[in-house]
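Subject: Structure handed over, with notes

Dear colleague,

Please find the structure below, followed by notes on what was found in it.

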Amino acid sequence: MRKKIAGVVINFFIRAVVGMALIFFINQYVIPPDSSINVGLNAVSFLTSGTLGIPGVGLLYGIMCYKIL
């Protein structure tokens, strides 16, 4: 039981760190600096990318794109 919980927590943090790194990379090098599509690096982004992984990062950018329509 403890190994299963530890595995879930480690998996969550790995996905969260990779997601935050991906958001940072996209904000710095892919999107122009004066764009309004940038996703912030905050607790909501951390939880979303940790829970959903890379599709969660895509979801965050999709929400930002929808917001500017």
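Helices and strands are here DSSP runs, numbered from the N terminus, where a helix (H or I) needs at least four residues and a strand (E) at least two. With that rule, the protein has three helices and zero strands, and its elements run α-α-α from the N terminus on.

Before going further, please keep in mind that this is a predicted model, in which local features need pLDDT of at least 70 and side-chain atom pairs count only at pLDDT 80 or more, while totals for chains, interfaces and linings use all residues. Residues are numbered from 1 along each chain as its sequence is written, and side-chain values use heavy atoms, with hydrogens and water left out.

As for the overall picture, the C-alpha atoms of the protein fill a box of roughly 50 × 20 × 15 Å, taken along the principal axes. The accessible surface comes to about 5000 Å² (by the Shrake-Rupley method with a 1.4 Å probe, where for residues only the protein chains shown count as cover), and 74% of this surface belongs to carbon and sulfur atoms. A residue is called buried under 20% relative accessible area, exposed over 50% and partly exposed in between (1.4 Å probe, protein chains only); buried residues make up 28% of the 69 residues in the protein. Contact means heavy atoms within 4.5 Å, and of the contacts with a separation of 6 or more, 65% are between residues 24 or more positions apart.

Next come the helices. Two packed helices are described by the angle between their axes and the distance between the axes. Here the axes are lines fitted to C-alpha atoms, for helices over the stretch in contact, and the angles run from 0 to 180 degrees between N-to-C directions. Helix α2 (residues 43–52) and helix α3 (residues 54–67) pack at an angle of about 135 degrees, with their axes 6 Å apart. Angles under 35 degrees count as roughly parallel, over 145 as roughly antiparallel, 65 to 115 as roughly perpendicular and the rest as oblique, and α2 and α3 are therefore oblique to each other. On the α2 side the contact is made by Ser45, Thr48, Ser49 and Leu52, and on the α3 side by Ile54, Pro55, Gly56, Val57, Leu59 and Leu60. Sorted by class, this contact has six nonpolar, four polar and no charged residues, where Ala, Val, Leu, Ile, Met, Phe, Trp, Tyr, Cys and Pro count as nonpolar, Asp, Glu, Lys and Arg as charged, and the others, Gly among them, as polar.

The aromatic rings deserve a paragraph of their own. Rings of Phe, Tyr and Trp (its six-membered ring) pair if their centres lie within 6.5 Å, and planes under 30 degrees apart count as stacked, over 60 as edge-to-face and the rest as tilted. By this rule the count comes to four aromatic pairs. One of them joins Phe12 and Phe46, which are edge-to-face, at 6.0 Å centre to centre and with 80 degrees between the planes. Phe12 lies in helix α1 (residues 2–30) and Phe46 in helix α2, so this pair ties together parts that are 34 residues apart in sequence. Phe12 is buried, with a relative accessible area of 18%, whereas Phe46, at 26%, counts as partly exposed. Another pair is formed by Phe25 and Tyr29, whose ring centres are 5.4 Å apart and whose planes are at 45 degrees, so the pair is tilted. Being four residues apart in helix α1, Phe25 and Tyr29 are separated by about one helical turn. Phe25 is partly exposed at 43% relative accessibility, while Tyr29 is exposed at 61%. Phe12, Phe13 and Phe46 also form one aromatic cluster.

Finally, here are two single residues to look up. Gly19 is in helix α1 and is buried, with a relative accessible area of 1%; leaving aside its neighbours within four places in sequence, Gly19 is in contact with Ser49 and Val57. Pro32 is in the loop between α1 and α2 and is partly exposed, at 47% relative accessible area.
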